[in-house]
Amino acid sequence: MSSGPGTPSVPAVLEAPPDTTGRSNEGATALPGAAPAPGGSSAVSSEASRVSTFRSLRVRNYRLFFVGQVVSNIGTWMQRIAQDWLVLSLTGSSTTVGVTMALQFLPMLLFGLYGGVLVDRFPKRRLLFVTQTSMAVTGLALAALTISGHVQVWHVYVAAFAVGMATVVDNPARQSFVSEMVGPDQLQNAVSLNSANFQSARLVGPAVAGVLITTVGTGWAFLYNGLSFVAPIVGLLLMRSSDLHPVRRAPRAKGQLREGLRYVAGRPELLWPIVLVGFIGTFGFNFPVWLSAYADDVFHADAGAYSLFNTLMAVGSVSGALLAARRGTARLHVLIGGALAFGLLEIVAALAPAYWIFALLMVPIGMFGLTVNVTVNTALQMNTDPVMRGRVMALYMMVFLGGTPLGAPIAGWVTDAYGARVGFAAGGVVATVAAVTVGLVLVRAGGMRLSVGWNHGHPRVRVISRERAEEKESVAV
């Protein structure tokens, strides 16, 4: 969406590739390599579209997708809780819980980029039907084994690995299919609502799972998850193909994986946001390590405190997603500002002297962390040629999800060796340094300059194009 010529705002991190709409957008300044943004709408209609937080739900296909995800995401969170509890009950070992998590994330680390190649070759709607069906079968099989009393820990290992293999294709397909449902104008809104959907399920799913586990048993949580996939599958079947935004698919050819990596490496507006998410995801999102340590070692509280911290962070994440849904585009200052605020707030929270101060800080930390994820997600999709979108989104998901198994042991070691406050602060420092470094790189790559001035008696710091800065200097002379 264009902000119009002469706007004082920072250039958009994302602009839609020209082959998605074939329309031009004069006046919007893009980072190097970014294609022109989609136009075709007046400034009045652009402003009107910003008013509704839920505007992308007006699109029938996306509405079907969203409702299906509401049901399925609750089941996903229920299975996460039930799976960990079942493994712990069968073995009494926390190590086996870690092994289960590793098996679920390992396929994304090993095969994530290959999943992106498949997504670019085949229709995403068809791929989603296959992946959602396979995850439903896995959940139902685990439910049958658990309810019948025949489940063994290796069954859970196999199920976790099977879900991980399906996720290799499901994640990039689901992420990139959003643009085909809503088009470029509504993309950020739809991506933000997806995040709000997932985080809202994070508030409901674990609570429902806890009730089922304590009342009727773990297997019934698996049963709900397996049946919950009926909703997104039916939604996919009911979609109108004629309402989708068609994209060109990549033909089968050799070297497509390397082609995707070269494509990202040659475009700073894609490469550096992925680098930023990689650092923040690896070193700044190790909350299970830090929050449990704060609840136990710093504030000497019980498991209720750990649950409260996570709940407040989820509330912040939902708020951040809804705020992002109101924005029309993903901007450079939103991405860098959100990442910087996230890192600084982690440092402040690490030094919080009181329990209630620490707990309240979880809300803005969750909000800014979600803002970074939504902005990068949208930026990558809008700046990527549709024929490459599956591979780019696969790389993004691999970096973001794959960083946690690598960063968590480091965060755990620092926390054990030097204390929870040092461990949490170290994560915040890494996130802050990454935000500043990537921000400077993107500003320099875009030919931008820092402008310091006054606006109605108040100081104002902003980033503007180098050409505009020179114009202002010449006028002043």
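**A helix pair and a serine**

Mentor: Let's start with a pair of helices in this predicted model: helix H11 (residues 268-284) packs with helix H15 (residues 355-383) at an angle of about 155°, and their axes are 10 Å apart.

Trainee: Which residues in H11 and H15 meet?
Mentor: From H11 you have Glu269, Leu270, Pro273, Ile274, Val277 and Ile280, and they meet Val372, Val376, Leu380 and Asn383 in H15. By class, that contact has eight nonpolar residues, one polar and one charged.

Trainee: New topic: where is serine 317 found?
Mentor: Serine 317 sits in helix H13, which covers residues 303-326.

Trainee: And is serine 317 buried or exposed?
Mentor: Buried, because its relative accessible area is 5% and buried means under 20%.

Trainee: What is serine 317 in contact with, leaving aside its neighbours within four places in sequence?
Mentor: Gln199, Arg202, Gly366, Met367 and Leu370.

Trainee: Zooming out, how many helices and strands does the chain have?
Mentor: There are 18 helices and two strands. Of the chain's 477 residues, 51% count as buried.

Trainee: What about the accessible surface of the chain?
Mentor: That comes to about 20700 Å², with 67% of it belonging to carbon and sulfur atoms.

Definitions and conventions. Residues are numbered from 1 along each chain as its sequence is written. This is a predicted model: local features need pLDDT of at least 70, side-chain atom pairs count only at pLDDT 80 or more; totals for chains, interfaces and linings use all residues. Side-chain values use heavy atoms; hydrogens and water are left out. Helices (H or I, at least four residues) and strands (E, at least two) are DSSP runs, numbered from the N terminus. Buried means under 20% relative accessible area, exposed over 50%, partly exposed in between (1.4 Å probe, protein chains only). Accessible areas come from the Shrake-Rupley method with a 1.4 Å probe; for residues, only the protein chains shown count as cover. Contact means heavy atoms within 4.5 Å. Axes are lines fitted to C-alpha atoms, for helices over the stretch in contact, and angles run from 0 to 180 degrees between N-to-C directions. Ala, Val, Leu, Ile, Met, Phe, Trp, Tyr, Cys and Pro count as nonpolar, Asp, Glu, Lys and Arg as charged, and the others, Gly among them, as polar.
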